[in-house]
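Please keep the sequence and the structure open while reading.

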Amino acid sequence: MYRIQRLFCSLLLCCACLTSLAQMKWSQTFQNYFDQYKDLAIEQMLRYHIPASITLAQGVFESRAGLSPLATIGNNHFGIKCHGWTGRTMAQDDDALGECFRAYDNSRQSYEDHSKFLSQNSRYARLFQLSQTDYKGWAHGLKACGYATNPNYAYKLIEIIELYRLYQYDGAKGYDKFMARRSGQDQPASRGGTLHPIKIYNKNYYLIAREGDTFKSLGKETELSGRKLAKYNERDYKDVLHAGDVVYLKKKQKRAPKEFKRNPHRVRPGDSMYSIAQLYGIRLKNLYKMNHLDPDHTLRVGEVLRVY
């Protein structure tokens, strides 16, 4: 009877896990988190041999994609409690009320401490005998070693990794150093808001301006020259930026990505030659040149323009 009861409980747990997995849907918020922190996770993997997929899945799950109070106020992305910690702390309700959690100055410190917490703790030593690409073994191992009390913790990590194909980063041999450095510099909300998410398009970095941004303020944030940012975007340094403006962080390309070779742009209401150039991440003079147009050309809705 005891064995039957144990089997029945196991089946119920398995069904609960499967039901939970079936309910998760793709989220742009999660994807934005991975885009922002993947290079930092790969950097940590190459130093500490923890799969980047595991680091990212834990980070997005524990921090609610960087939106939890622990992450926004304390930059704690992994829910690591104090446990002898001598640095800054903050109180947060968890298994008990007002538990002590570690707090950091930025996300890089959180990612670094997470790596050290696992690699220097004998409790997790057996995980480092696993292959760096064995994300399932790592996920179940973290749960078995007591990282989390959630009975579905391993399944949640695996689900996230597979839904967002995070396993693709576990074999990486290099990473984007600019993105790794910059993604770890974000500021907590209590210090004036978070940094602009940086994305990649047409072999370039870009961010979306917010109302009140200037090339000077964006230059300070990105550690780039504000005047160079203006030049890269073919704007004047003192131009007023508006919410939604695309701001590239390097000199734009001469052509759009190759998939637009046979897919030209059809002019829509409100388009300008400049807005089209920004849309595809190409230089304005090259857009004119590809289409044999003069700078005084007036666009017509429905007009077809080459962008490659």
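How many residues lie between S1 and S2 in the hairpin, and which residue in the turn has a positive phi? There are 6 residues between the two strands, and Gly-98 is the turn residue with a positive phi, of about 60°. In this predicted model, local features need pLDDT of at least 70 and side-chain atom pairs count only at pLDDT 80 or more, while totals for chains, interfaces and linings use all residues. Residues are numbered from 1 along each chain as its sequence is written, and side-chain values use heavy atoms, with hydrogens and water left out.

**Overall make-up**
- The protein has 12 helices and 7 strands, where helices (H or I, at least four residues) and strands (E, at least two) are DSSP runs numbered from the N terminus.
- Of the 308 residues, 46% are buried, a term that stands for under 20% relative accessible area, with exposed meaning over 50% and partly exposed in between (1.4 Å probe, protein chains only).
- Among contacts (heavy atoms within 4.5 Å) with a separation of 6 or more, 61% are between residues 24 or more positions apart.
- The accessible surface, from the Shrake-Rupley method with a 1.4 Å probe, comes to about 16900 Å², and carbon and sulfur atoms hold 53% of that.

**Nonpolar cores**
- A nonpolar core is a set of buried Ala, Val, Leu, Ile, Met, Phe, Trp, Tyr and Cys residues joined through side-chain atoms within 4.5 Å; the largest one has 41 residues, and Phe-34, Tyr-147 and Leu-166 have the most contacts inside it.
- Helices H2 (28-48), H3, H5, H6 and H7 each give two or more residues to this core, and H2 supplies the largest share, 9 residues.
- Not counting residues up to four places away in sequence, Phe-34 touches Leu-56, Val-60, Ile-160, Tyr-164 and Leu-166.
- A second, separate core has 15 residues, including Tyr-288, Met-290, Leu-305 and Val-307.

**Helix H6**
- Within H6 (residues 135-144), the residues Tyr-135, Trp-138, Ala-139, Gly-141 and Leu-142 are buried.
- Because these residues cover an arc of only 165° around the axis, they lie on the same side of H6; the arc is that of the directions from the helix axis to the C-beta atoms.
- The buried residues of H6 pack against helices H3 (52-62), H5 (107-119) and H7 (153-163).
- After H6 comes Gly-146, with a positive phi near 95°.

**Disulfide and hairpin**
- With a disulfide taken as a pair of cysteine sulfur atoms within 2.5 Å, the count comes to 1, formed by Cys-82 and Cys-100 with their sulfur atoms 1.9 Å apart.
- The torsion about the S-S bond of this pair is about -70°, so the disulfide is left-handed.
- Cys-82 is buried, with a relative accessible area of 9%, whereas Cys-100 is partly exposed at 37%.
- S1 and S2 run antiparallel and are joined by 4 bridges, two strands being paired if DSSP finds at least two bridges between them; Cys-100 in S2 is the bridge partner of Ala-91.

**Phe-128**
- Phe-128, in the loop between H5 and H6, is partly exposed at 29% relative accessibility.
- Phe-128 and Ile-50 are 78 residues apart in sequence, yet their C-alpha atoms are 7.6 Å apart in space.
- Leaving aside neighbours within four places in sequence, the contacts of Phe-128 include Tyr-48, Ile-50, Leu-118 and Trp-138.
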